[in-house]
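Here is a short report on one protein chain. It covers a sheet, the nonpolar cores and the salt bridges.

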Amino acid sequence: MSDHKTDSVLERITANSAEVGKGFTVRRAIPTKARRMVGAWCFLDHVGPANFDRGNGMNVGPHPHIGLQTFTWVIEGEILHRDSLGYEQIIRPGQVNLMTAGNGITHAEESLNDDAGRIHITQLWIALPEAERHREPDFKHYPDLPIINNGGFKITLLAGTAFNLTAPAQVYTPLVGMDLKSENAAKTDVPLNPDFEHAVLCLDGAVEIEGELIEPGTLLYIGPGRHSVSITCNKAAQALLIGGKPFEENILMWWNFVARTPEEVIRAAEAWNKHQHFSEVKNSPLKRLVAPDPSGLHLKI
Ligand code: MN
């Protein structure tokens, strides 16, 4: 009977916190100086929970992406996604939007109306590997996800395979994502792929992972080599667990682009600002964003 515990790395990472727009707190857990990626997950923003006043909901005007998938998981609130492929999709709590940028897509994210409301979402990016990053863009909405009740946690499988279930999200590298939520004290052991690195972000309350207590604003990185992880809470709490096979390609992330070279990023930024290459989002009432000047990029890296 083997009950071997591996001593894989546990690393506490403080998210970068910023107030954006009209008073939403956004905690950027990835990338940080401490860690650029977890598997192919290369970006993780935790927005809210926040109440907003009339006319002050989340609105992000049309902007482009290349080389990545955007992965939106809504906990509270509703957002309308519009993109240059013509998709218009409202996303609600418990649902995932997955947009594959590939060689280029444009999208906007809008509040449904001007009413006051509440928002709590996570937005992640997944870097596409070399063989897939130039593919045609695509958009998928997943309204129904596999749910496991285990040890008092309601576990929603967002991506990949766990507990012998597989999430429908179409991804291009081995990875996993799940949301764990409990209204009371709970304890579960989550099976992990030992080839993956993982990280847990606390979304609400406090959770303890292998003895490390984390609250919103802290990401706990878990190095490869672990077959399971224990997650507990003493009262209502929610956490996001992500993981994946360590990404072996060096990526260059700049503004909304995931690329490999400065030339590629400069080309994409200039094309966007000149209204070339990228198709437009139709019917968005929001103003098209402008790419920052990438000319210093060669110097910064
Ligand atoms: Mn975007």
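How many bridges join strand β20 to strand β23? Two, and these strands run antiparallel. The model is predicted. β20 spans residues 207-209 and β23 spans residues 228-233. I209 has I231 as its bridge partner in β23.

Both strands belong to an open, antiparallel sheet of four, ordered β18-β23-β20-β21. β18 (186-191) and β21 (212-214) are the edge strands; each has a single partner, so one side of each lacks a neighbour in the sheet. On average, neighbouring strands are turned by 25° against each other, direction ignored.

Next, the cores. The largest nonpolar core has 40 residues. W41, L44, F71, L219, L240 and I242 have the most contacts inside it. Beyond its neighbours within four places in sequence, I242 is in contact with residues including I30, V38, W41, L44 and L124. A second, separate core has 27 residues, among them I209 and C233.

Now the charged pairs. The structure holds 18 salt bridges. Some of them are listed here.

| Pair | Closest N to O distance |
|---|---|
| D115 and R54 | 3.2 Å |
| R133 and E264 | 2.6 Å |

R133 lies in the loop between β11 and β12 (138-142), and E264 in helix α1 (residues 262-273), so their pair ties together parts 131 residues apart in sequence. R133 counts as buried at 7% relative accessibility, and E264 does at 12%. By contrast, R54 is exposed, at 60% relative accessible area, and D115 is partly exposed, at 42%.

Notes: Residues are numbered from 1 along each chain as its sequence is written. This is a predicted model: local features need pLDDT of at least 70, side-chain atom pairs count only at pLDDT 80 or more; totals for chains, interfaces and linings use all residues. Side-chain values use heavy atoms; hydrogens and water are left out. Two strands pair if DSSP finds at least two bridges between them. Axes are lines fitted to C-alpha atoms, for helices over the stretch in contact, and angles run from 0 to 180 degrees between N-to-C directions. A nonpolar core is a set of buried Ala, Val, Leu, Ile, Met, Phe, Trp, Tyr and Cys residues joined through side-chain atoms within 4.5 Å. Buried means under 20% relative accessible area, exposed over 50%, partly exposed in between (1.4 Å probe, protein chains only). Contact means heavy atoms within 4.5 Å. A salt bridge is a side-chain nitrogen of Lys or Arg within 4 Å of a carboxyl oxygen of Asp or Glu.
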